Structures are given as structure tokens and as C-alpha cells.
Amino acid sequence: MRVTIIGAGYVGLVSGACFADFGHTVTCVDKDEGKIARLQNGEIPIFEPGLDDLVKDNVDQGRLFFTTDPNQAIRDADAVFIAVGTPSRRGDGHADLTYVYAAAEEIAGLMQGYTVVVTKSTVPVGTGDEVEAIIKRTRPDADFSVVSNPEFLREGAAINDFKRPDRVVVGTDDERAKARMTDLYRPLFLNETPIVFTSRRTSELTKYAANAFLAMKITFINEIADLCEAVGANVQEVAKGIGLDNRIGRKFLNAGPGYGGSCFPKDTLALMKTARDAGAPIELIETTVRVNSARKQKMAQKIVEALDGNVTGKTIAILGLTFKPNTDDMRDAPALDIVPTLQDEGAKVRAFDPEGMKEAKHMLKDVTFASGPYDCVQGADAVVIITEWDQFRALDLDRVKDALKSPIMIDLRNIYRPQEMEAKGFKYFSVGRP
Ligand code: NAD
Ligand code: UGA
């Protein structure tokens, strides 16, 4: 099948490479000339484990192409995916659909023959109806179907999530479109991946409900962690104790500095807006959003308190800046709140992140960037772990302790054990553990 993907970002590029690997012929179109030039030169513009090899293999096999010119790519396509960004709209937090609608107009002007237009971007309920209306308005003669096919991949594990998903959700009532989507995802059906065929609106809402539920689950365990600290209990053991109940499940019960990233923060806000507009506000999500944003300030205060309530003139070493490990994505990373708050309190910040520093340099002011974890902690008054990169999980603790001015570690991801840290002579603070 010939597949065209509009938008070669985290989702478009991964989906494109994976569809090509399934055997389809894929063209990724992006209006960012720099990004396409790099891709054409064999460079991957984002950090995503395994993506460089997957792209290279499929380019070499003649199944994956990159272009800034949508003309030919859309004319030839059996399916065109819209995978452009849907950021929060300034002011009301609703999803900004400008890019989605612009892509729909572009597709309408160019498509030939029966074409399935698929929204893979995360879009509010009713967006598919509007995409359909735009195409009909622009090309009353066009033969097409608009399908919702939300993407559930996580950054850092994107290829595995795409190729071995828990499920695929396809929203359409059109039989021709169903058949084409079935052909597209056929390699997954052979692996018995469940496919949920549903209406377009239900599919659109399913994506938001999934992200909001996960955001709520994380926020729940974060609040339980605070309670654990107050009453002398251990959140990791509580998480295990409840997570072994299959109705709850063990995943997404790691307490930490609050969820971040390009999706949970914006998608919870957009769902809140949809729900309020529909006269059916979701109070659990409203509370989740409020608790999560307050949490980032709370984490900064936790760090200040670990330094006896005063960080003026002190140097704080930060390990990890990205919103999670194995990505270079800094969008809505907790570090973007924690670092400026520490600076406002008078601290000097030195930071190291394996992949995020290039992006972080544009987003954080007055931070000294280090060349590695040991360089980062040298002479600092305390070290804070914000992101649980593997390389921070097995630090040479004696070396860290010797390098620090005072042996204080605030581990916001609970990657070390309190007893061991104490035995090593650290003043060790973590989240929700005695
Ligand atoms: P991104 O910002 O990384 O990429 C979007 C790309 O679209 C950019 O490269 C931009 O230049 C391009 N673009 C915009 N308008 C265009 C047009 N008219 N023609 C060609 N290119 C155009 O975004 P992303 O993180 O890949 O997210 C895309 C969508 O997928 C969002 O709705 C997001 O919520 C959703 N999503 C993201 C993830 C994730 O992990 N990042 C996972 C699931 C779903
Ligand atoms: C998330 C969802 O997991 C994907 O299913 C979804 O497709 C994607 O959003 C999206 O719609 O874009 P992602 O943002 O890449 O994926 O990363 P997650 O692994 O979900 O982590 C999100 C945030 O929650 C991170 O800041 C992470 O540190 C935090 N988190 C996650 C916790 O604090 N505790 C946990 O137990 C799990």
C-alpha cells in the first residue's frame, strides 16, 4: 500500500518507519525544510532508541521517502495520515487544530482516487467531522473517508509500542475504510493484536480517556507518596501491594516529580475543555491537572528543605532534564519548573542530561551544563535526580560523595535505596519512602 504521512515528528516519523517496515511504501512529508534535509541525509532529528537503524533499513530497501513537497505523495496515496502537532491553544487550553485543518485542506486539494484520510494526531471529539467538511468544501467531487486512528506509543519505547501495541483503535463506520485500515495493520493482526473498530467520535475520545486515566493514576500514586511521607510508610511497597491486583495493575505507579511531556499535560487540559463545553465536566481530571502542576513547585520546595531551607548562593547539581529517560524531548518537563524555582530561591544550577541538553539550553536560563554526571556534581552542595536515565542508576556513589561539597542527594525518581544511601554516608531524600 502507498502511505503518506503529513508531519515527520515523533509520531509521524516513527509511524512512517514502522509502516515501511511492515512492507508498505511510505512518504513522510514535513514542511520543516531543515528536518527533511537531515532525514534525506540519513540523520534522525530526534532521539528515539532504534529509530536510526529502522529508518536506514527502510530507506535502503526503497520503501521510505522524505519530502517537503506534498504534491506527488498525496496524489499517489491510498492512505494519508495526519500526524501534525495539536498543542494547547493559548488562553483556554483547548487543542490548537490549526495544523490539522491546514493539512486537511492540503490533502483535499491534491488527492486522487479513493483516499482514506486518517487522523493520527490526538484531536478532540468532532475533529474528524470538521476534517471531512473541509475536504468536502474544497473538493466536492472527492472520493474519500476520514478515519480516526489515535496513536498510543510512548517516547523512548516508540518502535516497540507501535509494532507490538496493546490494541489498535480505528474509528469509522465506512466499510471501504475499514477494509483499507485492516490491510494497513495486517501484520499486527497476524500477531493477534486486538483491533477496536468503533465510531470516529468514540475513537477520538478513547485517546483522551486513555491519557487522562494514566495521568490520574500517576497523580494518585504521587498523592499516596505524600501521605506515606507523612505517616512513615513506603510508596513503592504500597504500589506493589495494590498493583498486584489485576484490576489495578502495576504499571504507571511510580511516584515522582509529576507527569510531564508533550502529551499528558496538553491532553488533560484539552479533555477538560471538551468536557466543560459539553456540559459534562470531569472533576477527577480537573483535580489531577491542579495537583500535578502544584507538585512541581512542591518538589522544588522539597529540595530547598533538604538544604536546611536555604539555597542562596548554593550550587545544586541536577541529573536529568527531559520529562522521561530515552528521549530528548523537553516539552513540559518537570525540570522546567523545578530549575527556575530553585534559581528564584537564590541557587546556582549545574545540570547534565544525556540527550536533552541541546533543547534545554533554549529553555532554561543561567544554567551551567556539565559534560557528565561526575563533572556535574563536582563541588556542588547537593545532587538532585529528576530523570531516571539508566546511566544514573548505577553511579559510583563513593565518587559522587567525594565530589560533592556536602553529601546530600534528593532522588525524585526513587532509583536508590534509602538504607544503602545512608550506609554510604549520604543525607538521602526520596519520594514517599521513610
Ligand atoms: P511534533 O511536533 O514532533 O511533529 C509534528 C510535525 O508536523 C512537525 O515536524 C511539523 O513541522 C509538522 N507539520 C505541521 N504542519 C504540517 C503540514 N501542514 N505539512 C507538513 N508537516 C507539518 O509532534 P508529535 O509529538 O509527533 O505529535 C503529533 C501528534 O501526535 C500530536 O497530536 C500528539 O498529541 C500526538 N501523539 C504524540 C505522541 C508522542 O509521543 N509524541 C504519542 C501519541 C500521540
Ligand atoms: C504518553 C502515553 O504513555 C502514551 O500511551 C501516549 O501515546 C503518549 O503519552 C501521547 O499521547 O503522546 P509519553 O508522554 O511518551 O507517553 O510518556 P510516558 O511514559 O507516559 O510518561 C509521561 C510522564 O509520566 C513522564 O513525565 C513520566 O516520568 C511520568 N510517569 C510515568 C511517572 O511519573 N510515573 C509513572 O509511573 C509513569
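This is a predicted model: local features need pLDDT of at least 70, side-chain atom pairs count only at pLDDT 80 or more; totals for chains, interfaces and linings use all residues.
Biologist: Why is Asn-414 called buried?

Modeller: Buried means under 20% relative accessible area, exposed over 50%, and partly exposed in between, with a 1.4 Å probe and protein chains only. Asn-414 has 8% relative accessibility, so Asn-414 counts as buried. Asn-414 lies in the loop between strand 13 (408-411) and helix 18 (418-423). Helices here are DSSP runs of H or I with at least four residues, strands are runs of E with at least two, and both are numbered from the N terminus.

Biologist: What makes the phi of Asn-414 worth a remark?

Modeller: Phi of Asn-414 is near 55 degrees, a positive value in a residue other than glycine. Glu-192 also has a positive phi, near 65 degrees, and is likewise not glycine.

Biologist: Is Glu-192 buried or exposed, and how do you know?

Modeller: Glu-192 has 70% relative accessibility and therefore counts as exposed. Glu-192 is found in the loop between helix 9 (186-190) and strand 8 (195-198).

Biologist: Which residues of helix 3 are buried, and why are they said to share a side?

Modeller: In helix 3 (residues 51-60) the buried residues are Leu-51, Leu-54, Val-55 and Asn-58. They cover an arc of only 95 degrees around the axis, so they sit on the same side of helix 3. The arc is taken from the directions that run from the helix axis to the C-beta atoms. In general, an α-helix has 3.6 residues a turn, so residues three or four places apart point the same way.

Biologist: What lies on the other face of helix 3, and what does the buried side pack against?

Modeller: Asp-53, Lys-56 and Asp-60 are exposed on the face turned away from the buried side. The buried residues pack against helix 1 (10-21), strand 3 (64-67) and helix 7 (158-163). Helix 3 is followed by Gly-62, whose phi is positive, near 75 degrees.

Biologist: What makes Asp-78 and Arg-2 a salt bridge?

Modeller: The rule asks for a side-chain nitrogen of Lys or Arg within 4 Å of a carboxyl oxygen of Asp or Glu. The closest N and O atoms of Asp-78 and Arg-2 are 3.4 Å apart, so the pair meets the rule. This pair links distant parts of the chain, 76 residues apart: Asp-78 is in the loop between helix 4 (70-76) and strand 4 (79-82), and Arg-2 is in strand 1 (residues 2-6). Asp-78 is buried, because its relative accessible area is 14%, whereas Arg-2, at 43%, is partly exposed.

Biologist: How do you know that Lys-302 and Glu-229 form a salt bridge?

Modeller: The N to O distance between their side chains is 2.8 Å, so the pair falls within 4 Å. Lys-302 in helix 13 (residues 283-306) and Glu-229 in helix 10 (residues 200-231) are 73 residues apart. Lys-302 counts as buried at 16% relative accessibility, and Glu-229 counts as partly exposed at 37%.

Biologist: How many salt bridges are counted between domain 1 and domain 3?

Modeller: The count is 1. The domain assignment, automatic or from a database, gives domain 1 (2-198), domain 2 (208-285) and domain 3 (296-429).

Technical notes:
Residues are numbered from 1 along each chain as its sequence is written. Chains are lettered from A and ligands numbered from 1 in the order in which they are written. Side-chain values use heavy atoms; hydrogens and water are left out. Contact means heavy atoms within 4.5 Å.
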